[in-house]
Amino acid sequence: MSKNVNEQEKSGKVVTKYDLKKQKKAEAKAKEARSLAIWRAIGILFVIAIVALIAYFPIRNVYRAKKTVFTVGNYAVSQVEYDYYYNATKDNYLTSYASILSYMGISADSDFSTVAYSDNLTFADYFQKLAVEQLQQNAGLKDKMAAEGFTCDATEYYNDAIEQCKAAAKEADVTLKDYIKASFGSYATAKNIKPVIEEAYVISQYIEKAQEELTPSDEDIEAYYKDNKEKYDVVSYYMTTVTAALPTEPTELADELPIYGEDGVYSPSQAEIDAAMAEAKANAEFIMPSLAEDGSLHEDENADTVAYAIKSWLFDSSRAKDDEEIIEGSNMYYLVKFVGRHRADEVTVDARIIITDTDNGAEIMAEYEAGGANLDSFLAANDKYSTGTAEGALYEGIQPSQFIDEMNEWFVAAGRKEGDVASFYEENGGYTYVVYYVGQGAELWAVNAKAEMLNTIMEDYLKEVAEGQTISDPDGFIVYLQAEAVVVEPADVAAEQ
């Protein structure tokens, strides 16, 4: 995993932002994510990702902005609201797949209406589909909020978001008006986007409430572990390999007509392969008694890191200490001696972390100490400097191995106690981490099991919420629905007709 602590955030990633000089996009983008990551509870990032200012047509009026373009359930969707969600889902997709966009034949500034996503859909159609599905989910959540009388004040959140937009617009040397349009859609203004942002925030708070209520208990997690031990157990074992010495030229066991590849490499006959494997097997049997002395010790490996050929054997529930086996692989044999199996009981860490994309750790530490060197002064420094999005800079269930070596050593050092503070700089990426130690977290297996359970629970919950939220689109605004309705006939059927 990346050593960047931003991976601990629900959003999962550092996002890009408008930068005319295209410098340090990913790092700088995190500054806006704090105010605009409305959907981080379910992994949907509301980010501003402006690659280039768009030249919009001058026709801007209140009627078009507020006009209902389609309805979802009992709720009318305006042009401004639709644009907001379209841009959010598009930017999230581009951020998530930034490293492989070129292989898809697209870039952040592509005309997505001209690039195919599937047989029937363009990328623009696909982004529209994501946005509409999000709006269906919102409609279901709003029904539930209305039934429960749930509400909360989003004024401060909106004001903070606009302040972030102002700062970003100033940095990009554009007007706030143009920045908002390029971020949220051509009909967006600071005024008409307010109810959309505030409603999205309220919905996100309701989702967090639902998530807290649906979080599995310790008993549920333990039961889940018992049914899925292979996912959360680790094994230790000795192993070495013996590779068959396949001939590179024909032998007496070769086929009557030897086969050579286009590169001139000889392809052994089956008889030659069998003979080489038999010799390798004999060598493996000779080596096996000394495996514990001469083989490599593999400690605490999970099922994902174990070689596929030996995984089933190692994770067999009947496996006992000192069991050993010679297992055939591809033109080789694995010699394996079992040591033991247990849950991944590495203890995680809870910590508050100020994250910046510059080397300013000394400055932050000085301000922390000048403010009283306590939690309040740390949180004040976090509010001023951090690009992270975690509430109160708190990250729970952190795996120490995810950080740079100096941080790993600091986390597990003897005598580490709550309130200890230190600063670290990661040259690879240019990140500064100022860390306030909170304490040990849950065991790794429990953290991972809980996360997987909660993810499944929330997926099912949100899917159920969206069900029954029908779409009414009399004007044919939603293009992807029309595209998906087109049946692509197989070539042979079309030819017959």
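## Surface patch

Tyr97, Ile100 and Tyr103 together make a nonpolar surface patch of about 360 Å² in this predicted model. Tyrosine 97 lies in the loop that links helix 3 (79-96) and helix 4 (101-104).

An open sheet is built from 4 strands in the order 10-9-12-11, and the pairing is antiparallel. The edges are taken by strand 10 and strand 11 (421-426); each has a single partner strand, so one side of each has no neighbour in the sheet. From one strand to the next the twist averages 40°.

Strand 9 (residues 347-356) is mostly covered, with 9 of its 10 residues buried. Its antiparallel pairing with strand 12 (residues 431-443) comprises 9 bridges, and within this pairing aspartate 350 has glycine 439 of strand 12 as its bridge partner. Strand 9 also pairs with strand 10 (residues 394-398), again in the antiparallel sense, over 3 bridges. Here valine 349 is opposite isoleucine 398 of strand 10.

Strand 11 and strand 12 are joined by 6 bridges and run in the antiparallel sense. In this pair, glutamate 426 stands opposite tyrosine 431 of strand 12.

Helix 14 (residues 361-370) packs on the sheet and touches strand 9, strand 11 and strand 12. The direction of helix 14 makes about 165° with that of strand 11. Helix 17 (residues 444-466) also packs on the sheet, and its contacts are with strand 9, strand 10 and strand 12. The angle between the directions of helix 17 and strand 12 is about 95°.

## Loop residues with positive phi

Most residues other than glycine have a negative phi. Asparagine 331 is not a glycine, yet has a positive phi of about 55°. The loop between strand 7 (324-328) and strand 8 (332-343) holds asparagine 331. With a relative accessibility of 31%, asparagine 331 counts as partly exposed.

Alanine 393 is not a glycine either, and its phi is positive at about 60°. This residue sits in the loop between helix 15 (375-385) and strand 10. Alanine 393 has a relative accessible area of 1% and is therefore buried, the limit for that class being under 20%.

Key: Residues are numbered from 1 along each chain as its sequence is written. This is a predicted model: local features need pLDDT of at least 70, side-chain atom pairs count only at pLDDT 80 or more; totals for chains, interfaces and linings use all residues. Side-chain values use heavy atoms; hydrogens and water are left out. Buried means under 20% relative accessible area, exposed over 50%, partly exposed in between (1.4 Å probe, protein chains only). Helices (H or I, at least four residues) and strands (E, at least two) are DSSP runs, numbered from the N terminus. Two strands pair if DSSP finds at least two bridges between them. Axes are lines fitted to C-alpha atoms, for helices over the stretch in contact, and angles run from 0 to 180 degrees between N-to-C directions. Contact means heavy atoms within 4.5 Å. Patches are made of residues with over 30% relative accessible area and no salt bridge: like charges are joined within 9 Å, nonpolar side chains (Val, Leu, Ile, Met, Phe, Trp, Tyr) within 5 Å. Accessible areas come from the Shrake-Rupley method with a 1.4 Å probe; for residues, only the protein chains shown count as cover. A salt bridge is a side-chain nitrogen of Lys or Arg within 4 Å of a carboxyl oxygen of Asp or Glu.
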